[in-house]
Structure formats: structure tokens, C-alpha cells
Amino acid sequence: MKGTSKLACLFALFVVSPGHRVRRDDIAHYLWPDGGANAGLISRHLSDLRKSVDVRVGSAGTGVCSMELPRASVDYLRFHELVKQAQTSRGMGALTRFEVLREALKQWTHEEPLLGLPGKGFDLLRSELRQEWCAALIDCLRAAWEAEEIEWILKETEEFLKRFPGNQNEKVFFYRLLATASRSSSEAKKLITERKRTVGKPVDPALAQLFREVTRNTFKPRGISPSRPEHPIPRQLPYAERDIVGRSGELASLRQFLSQRKAEGRGAVILLTGMAGVGKSALANHLCRMVEADFPEGTLYANLTGFAGEGTSPAEPGRVLGRFLSDLGVRADTADIDAMSGAFRSRLATRSVVMVLDDAAHAGQVLPLLPGTGSSVAIITSRNQLPDLSAHKDVRVFRIEPLDRESAAEVLSTQMTPDTRRRCGPSVDKLAELCGRLPLALAVIAGQIRGRPAQGVAELVVRLSQEHQRLKELRGPDDSLSVRLALDCSVATLSAQAGCLLRQLALHPGPSIDWAATMDLGSVGVGGDTERAVTELVDANLLELAADRYRLHDLVRAYARHDMAPGADDPDGQLEERTIRQILEHQLQNLAACDRVIDPQRSLPIEEPRGLRVVDPVTEEAAMAYLDAEYEALLQGIDLALRGGHRRYVWLLSMALVSYQWRRNRHAEAERQLRNAEEASRGLASPADRAMVYRMLAGSQIRAGHLELGLGNADIAVRLSRQQADAAGRLSLAFSLHLRAVGHERRVDLQAAEEGHRSALELFDDLGNVAGAAAALNGIGTVHHARGAFDEALRTCGEALRIFETVDDANGRANVITTLAEIHLSRLERDEALRLYERAVAIYRELSYWPNEAKILGRYADALLSAGNVERAVKALERVAVLCEFMGDERGLRRVMDRLEGMR
């Protein structure tokens with residue numbers, strides 16, 4: 001496919017991406033660098049590409065798209081395949097390797113890769129492809145020198161310098177000078193003189209040495225060749241047992257980093273870190289195989305056995321140094337580690353070596369083994385983040401995460417027959433998630449499902465779904481692959497306090513936990529420095545800090561709950577109970593602090609916090625933001641309390657969460673939690689407090705449109721309130737009557753609605769509850785409006801607004817402003833109605849009250865359309881669409897999108 005169209009750009013992006021898989025975000029970035037891309041636009045271009053090329057283009061729900069390309073059909077892929085063949089085939093002679101690489105270079109039909117494709121993204125890709133082509137050329141020159149193809153070297157390097165006159169690639173010039181010196185010493189000296197004049201002195205150690213030997217007449221035609229060393233070139237990478245899947249993004253980033261360092265003439269130190277079993281060693285091995293052709297002086301490998309388990313100590317760096325020096329032809333005359341490390345760095349200063357230091361336990365193991373100056377590269381893997389290493393060296397740290405969903409499923413599905421794969425697709429996805437998308441766990445399960453029918457795969461899902469035995473299932477037949485043993489080795493290095501905190505974090509119900517909650521957990525553990533324990537867990541990659549919250553991997557959580565060997569951190573056997581109570585109390589106190597800001601009219605029977613870190617949100621927006629982050633953990637906290645029989649927390653957590661749920665359109669979840677709260681409150685709460693539970697339950701149902709259910713529970717709230725004759729009971733009755741009146745109003749029973757609002761108003765006035773009285777007046781005004789008594793409605797609601805402007809109840813103020821807007825609209829006073837709608841919308845937006853903002857924006861848009869202002873109506877409805885997305889209201893979103901489609 002040729003040209004510079006978006007379709008050509010998309011095709012090229014698939015061709016050059018590892019595995020021909022591209023994320024949708026990358027498609028947007030490369031094809032629309034200035035923005036403007038959306039899911040529909042990308043899908044249309046993918047569809048057009050399917051029609052234009054005779055290959056399969058797939059799109060995954062995980063945001064990754066793929067293309068199946070026959071390698072023989074694309075010049076770049078033919079080039080890439082031949083280069084790979086030359087680099088990986090063992091036993092290939094120099095002449096054969098030269099011929100294969102020369103054929104690879106012939107596939108590169110354009111001097112400029114991705115010719116004409118616009119954008120910074122493609123500019124960067126072009127640069128990477130040029131480097132790839134140049135690396136292949138250097139490999140071919142090396143093979144040509146070994147095969148004594150001197151004339152070809154002279155011809156090719158001359159053409160290279162003609163095509164790229166400003167190119168200062170020292171490796172290419174090295175072989176040009178080498179071939180020239182083997183023919184004529186005087187011509188070689190002329191080349192050196194001209195090179196120094198135009199470029200300057202060489203940086204590459206091998207080229208500088210060649211300069212010296214030619215200038216001093218000590219050059220031996222075959223003596224300096226990088227391919228004819230005085231000692232065998234080490235190539236020590238271990239055999240790769242499995243293909244690597246789903247790491248194209250990481251490999252691309254790592255290769256780009258190494259290419260950049262190579263272009264600068266600098267070496268690199270890379271640390272691959274991540275939890276046990278995430279595939280660090282496999283990634284390091286694969287990366288090293290991809291780049292080892294760029295390191296002519298060898299590949300070194302050492303397993304540092306940092307986490308090999310009981311009975312195996314971490315490797316001593318002195319022994320590893322001694323072996324590396326010997327492998328590089330250096331005799332170690334001393335056992336002093338500093339002297340050996342100095343000799344090693346000196347050797348690497350004029351050599352280009354890549355080394356893999358696998359499974360390091362601490363920085364002290366690797367610091368003596370790192371290169372100094374020069375172009376050598378060290379790739380380190382460790383379960384720990386090795387903070388001391390970064391403090392000593394210019395280290396690039398790459399944290400390796402579990403696989404994405406599509407790649408994890410691919411690891412499993414490749415072990416199935418096509419029929420089994422077709423019949424149990426959902427089971428494969430579920431298995432991948434139960435394995436936490438961890439490569440080690442996936443490898444274990446891949447071995448177990450090989451040859452299983454669909455029914456056997458489904459049974460495996462059932463067994464793995466039981467958390468208490470999950471780790472028992474995730475082990476191979478001979479324990480060579482075992483997630484539990486891998487985690488044993490990680491946990492064995494922890495301090496007592498870090499181990500205790502890990503157990504406590506595993507009891508926390510949420511998907512994540514914030515810093516304050518973590519610190520409060522530590523206060524009921526074994527004592528000591530909780531912050532140090534957290535740092536230890538993070539450094540060990542057993543606890544992840546993401547988006548300012550801590551998170552445990554599912555398998556680490558399962559291990560800490562059910563498989564972690566008991567320690568001395570629970571002498572009385574009460575650690576779990578103390579931890580759960582601390583979790584629930586911390587959640588309740590922080591939730592209550594937010595609820596008091598969101599709904600200051602409510603009063604819940606919650607004691608003052610003692611010894612806990614409690615948030616202090618200044619604004620409703622801050623309180624809502626805190627609960628947005630904590631919501632899933634709070635729901636699971638209620639479930640934890642329910643399972644453990646902690647009725648007080650079931651009741652109070654559910655009640656304190658309602659106001660937030662209403663503002664986030666989570667009425668069904670509120671109703672479900674409040675049913676549990678109603679049952680839990682029996683025998684614990686006063687009649688007025690139990691009435692509040694029924695009132696919140698009724699409010700959730702009325703907001704969800706279940707009027708009869710809501711009115712039934714409002715009746716119960718009224719009856720319970722009448723059972724308590726004190727001020728708290730009378731206030732509860734006032735709120736209950738008002739809520740029931742709202743239900744009657746929505747059922748268009750205006751007489752009952754007015755009677756209820758007036759009864760509530762009388763009680764609110766007697767009790768001096770100003771905000772309640774204003775809300776009741778607004779209710780009465782709404783009834784007047786429904787009856788067509790607009791002047792009376794305006795007078796009553798105007799009085800309600802004057803009251804609300806004297807109290808701190810922004811939500812009540814927005815409610816009455818909305819009523820006034822609708823009254824003015826009924827009086828055909830559209831401009832005033834629009835002004836009031838805008839005021840109400842601004843308040844709801846500030847309160848982060850999504851359902852009310854969306855509802856009023858819809859009415860505002862209707863009023864704008866009746867005035868002929870389509871442009872402003874479209875903007876209002878676009879905001880409604882955004883709010884529907886926030887609330888997960890798919891039906892509402894479809895309605896709004898359909899409406900917008902008809903207006904544009």
C-alpha cells in the first residue's frame with residue numbers, strides 16, 4: 001500500500017509494530033497527532049483497511065487491534081525475517097551469513113522508510129527504522145569482513161557515504177577503513193586525515209585503536225577484526241523455554257532506549273523489576289537476543305539466585321566477576337573485589353558487551369558488575385526495586401506489569417484445540433483473570449488445559465474461583481512452576497512488621513487502600529514504623545502504589561490470606577478481628593466526615609473518632625472526590641461487615657453512603673445496601689434512626705421511579721417517627737412527612753402532597769429548622785404550579801428561596817431555583833426561566849450532583865430549542881451525554897446521542 005493517506009498510515013503502523021498489534025490510543029496518536037480522533041473514527045478506518053487489504057484485521061475489546069500479515073508480502077517484513085535468520089541461526093558460516101544479510105538489505109526498496117507519512121510519531125518511527133537498517137548494514141559488513149569480501153565492503157561503504165554524505169556512523173567508517181588498510185596503507189592514512197578534518201577524533205574505542213595502528217604502521221590486515229578475537233566471544237544466554245507473548249510495548253520502549261543510547265555512543269544500565277512470576281527473566285532474555293548482534297564482543301549472563309529459595313544463597317559478586325573476567329580473556333591476579341571490578345570496567349571500556357544479571361536480591365550484588373565508560377549494556381532483573389542501585393548509577397528502571405487481557409487469554413488459548421477454544425471462550429477469559437494475568441500462573445494453567453475438553457476447562461474455572469485453594473491449583477506437577485513457592489521466596493525476605501502489614505492489607509476488602517487507612521492498620525499490628533514497612537512492601541513489588549493508592553495483586557492477596565506461613569505477629573490469635581474492626585471504623589469515620597459536608601441536615605449516631613486519621617473535606621466537591629476514590633472499597637467494607645456479623649457497621653456505613661449514591665445516580669446500589677441496613681438496625685437504633693433508614697430507602701426508590709414501593713416505606717418512616725415523642729422524633733416525622741409528600745406529588749395526588757408539605761412545614765417551624773421549612777415551602781409552591789396557580793407558586797417559592805439564601809444548603813437552594821424556572825417557563829417568561837436554569841445548573845455542577853445537573857440541563861435545552869437557539873441547546877445536551885457516561889447510564893446516553901444526531 002502506497003501513498004500518504006490515513007489508510008496508508010494505518011497499514012504502515014501495523015507493519016512496523018511488534019506482532020502487528022497496535023493499541024487504539026497509538027492509532028489516534030499517530031494518525032491524528034493534533035487530536036480529533038474518537039472510537040467511531042478509528043473503527044471506520046479499521047473497517048476501510050479490512051476492505052482494502054486481503055488480510056485479517058481484528059479489534060479487541062481491550063483496546064488492542066491486530067493484523068495478520070504474510071511476511072513474504074511486505075518488503076520490511078522480508079528484511080526483518082532475513083536479519084533475524086542471520087542473527088539467530090547457530091552454526092551459520094560467515095559467507096552464508098553475509099549472503100543472507102546482503103539479501104536482507106536488498107529488500108529495503110526505499111532509502112527513506114515510511115516515505116512521506118506525516119506527523120511526529122512517524123518521524124520517530126522513521127528514525128528507529130533507519131537505525132535498524134544501519135544496524136543490519138553493520139552486521140553485514142562484519143560478516144563480509146569475516147568472509148573476506150573486501151571489494152564488497154569498499155563498494156558498499158563508498159555508496160553509503162555518497163548517499164548520506166553527512167553521516168558520521170563510526171561503525172560503517174571502521175569497516176571502510178579496515179578494508180582500505182588491508183589494500184593500501186597510504187590510502188588508509190588519507191582517509192584518516194580527511195576524517196579528522198571533517199569529523200574530528202573518533203569516539204568508538206575500536207575505531208580509535210585502528211586509527212593508531214594505521215598511523216603507526218602497526219596494522220595487521222587481519223589482526224584487529226572484531227570477528228577474529230584473541231579469545232572466544234562469549235554468548236551465554238540460557239535457552240528460552242517459551243515464546244514471549246504480550247510484551248511488544250515493553251520491548252519497543254526498551255529497544256528505543258537502547259538505540260538512543262547507542263546513537264549517543266553511550267552504554268546503559270536497565271533494571272527490570274516487578275512481582276514474582278511477572279516474566280522479568282524471559283523479557284530480559286528476549287531483549288538481549290534482539291540486540292546482541294549490536295554487541296560484537298559478547299553476551300554475558302549470570303543467575304544471581306537472589307530469590308532461589310531455601311538452601312540457595314544469593315550469588316557472591318566476586319565469583320561472578322572472576323568468571324566474567326575469564327570469559328573476556330582477562331586473568332584475575334587478585335581476589336579483592338574492588339580491584340576485580342576495576343579490571344572488569346577497564347576491559348569493558350574498549351569492548352561492546354551486553355550482560356544479563358538475572359534475579360538480583362540487592363544492589364550490593366550488582367554494583368561491582370556494572371560497566372563504567374564505554375558502550376556496554378547491563379540488563380538487571382529483580383523482584384525488588386533496588387533503590388540503592390538508582391542512587392549509584394544512571395539506571396533506567398522499567399516496572400513490568402502483568403499481561404493485558406488479550407495477551408493473557410492468548411497464552412491459554414494457544415494450548416487448546418480449535419474446537420475447545422471456540423466452545424469455551426468466556427472460560428478462557430475468566431481463567432486469565434483468575435491467574436491475575438501473571439505469566440507464571442498462566443504458564444501453569446496452560447500446561448493443565450492442554451488436551452482438556454471444554455468441560456474440563458470449565459471445571460478448572462470453578463476450582464480456581466475458590467480463593468482459599470487458588471494457590472494450590474497454580475503449581476506444576478513437580479513444583480518447577482509454582483506461584484506459591486515464588487511468593488514464599490519473596491515474603492521470606494520481609495521484616496516481621498512488613499509481613500504482618502501484608503496480612504492486614506490482604507484483609508482490607510477494597511481493590512485499593514489509601515495512605516491514611518494503611519497507617520491506621522499498622523497501629524493495630526505488631527507496632528514499629530508502619531511507613532518503613534510500607535516502603536519495604538513496595539520495594540519488594542508485593543504492594544503497588546498507583547494513582548496515590550496502594551493495591552495488592554489478586555494472587556498476592558490470596559497468598560497472604562490463605563497460604564502465608566504464620567509468624568509471631570499474632571500471639572493471641574486476634575490480629576484478624578482487630579484488623580477488620582479497624583478497617584470498618586476507619587471507613588465509617590471518614591465516610592461520616594464527608595457525609596456531614598454533603599448533607600449537613602442529617603445527623604447520624606456516630607461517636608467521635610479516637611486515634612484514627614480522618615479526612616477533613618472543606619467543600620462538597622472535595623468530599624465527593626474522596627468518596628469517588630473510596631466508593632468500591634466502602635461497598636466491599638459493608639459486605640465485609642455483613643459477612644462478619646458487624647451489624648452496627650452494616651447499618652451506619654450504608655446510611656452514611658446514601659447522599660453520595662444519590663448524587664452519583666446509584667439508586668439501585670443504595671436500595672440494596674439500605675435493605676441490609678434496615679435489618680441490621682433492628683434492636684440497635686432508636687425509632688427515629690430506624691425511620692431515617694426507611695426514609696432513605698423510600699427516597700432511593702422514588703428517585704428510581706418506584707413510587708409505590710417508595711410511598712410504602714415512607715409510610716413506615718412516618719409510623720416509626722410517631723413512636724418517638726422527643727425533639728429528635730418530631731424532626732424525623734417532619735422529614736418523613738415531607739418525603740412522603742414528594743412521593744404523592746410525583747404520583748399527581750396533589751391534595752395529599754399539599755397536606756403532607758403543610759404538616760411538615762408546621763413541624764419544621766416549631767422546631768426552628770429553617771432549611772426544612774424552606775424545603776416544605778418549595779414543595780407547596782410546586783403543588784401550586786401543578787395546579788396552574790402560577791402567582792401563588794411564585795410567591796411561595798420566592799419566600800423559600802429567600803430562606804435558603806440565609807442557610808448553608810446549596811442543594812435546597814438549587815431545587816427551589818429550578819422550581820422557579822419552571823414556573824416562569826409556564827408563564828411564557830422564557831428569558832427569566834433560562835437565567836434561573838443556568839443558576840441551578842451551576843450549583844448542581846459545583847455540588848457534583850450529576851443526576852440533577854443532567855435533568856435540569858435537559859429542561860434547559862428544551863427551553864433553548866423553543867427559543868430557536870440550537871447551538872446552545874447542543875452544548876447543553878453534549879454535557880448531558882458526558883454526565884450519562886459518568887453515571888454509567890447507557891440508556892440515557894443513547895437517548896441523548898440520538899437526539900443530538902437529529903439536531904446536527
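**Note on the predicted model**

1. In the protein, the mean positions of the 119 positive and 122 negative charges lie 5 Å apart. Lys and Arg count as positive and Asp and Glu as negative, with His and the chain ends not counted; each charge is placed at NZ of Lys, CZ of Arg, CG of Asp or CD of Glu.

2. This is a predicted model, in which local features need pLDDT of at least 70 and side-chain atom pairs count only at pLDDT 80 or more, while totals for chains, interfaces and linings use all residues. Residues are numbered from 1 along each chain as its sequence is written, and side-chain values use heavy atoms, with hydrogens and water left out.

3. The protein contains 42 helices and ten strands (DSSP runs numbered from the N terminus: H or I of at least four residues for helices, E of at least two for strands). Its C-alpha trace spans about 110 × 75 × 55 Å along the principal axes.

4. Of the 904 residues, 53% count as buried, that is, under 20% relative accessible area with a 1.4 Å probe, protein chains only.

5. Helix α17 (residues 405-413) and helix α20 (residues 439-449) have axes that come within 8 Å and cross at roughly 35°; axes are lines fitted to C-alpha atoms, for helices over the stretch in contact, and angles run from 0 to 180 degrees between N-to-C directions.

6. His-757 lies in helix α35 (residues 750-767). His-757 counts as buried because its relative accessibility is 0%. Beyond its neighbours within four places in sequence, its contacts (heavy atoms within 4.5 Å) include His-738, Glu-745 and Val-783.

Key
Buried < 20%, exposed > 50% of the residue type's maximum accessible area, 1.4 Å probe, protein only.
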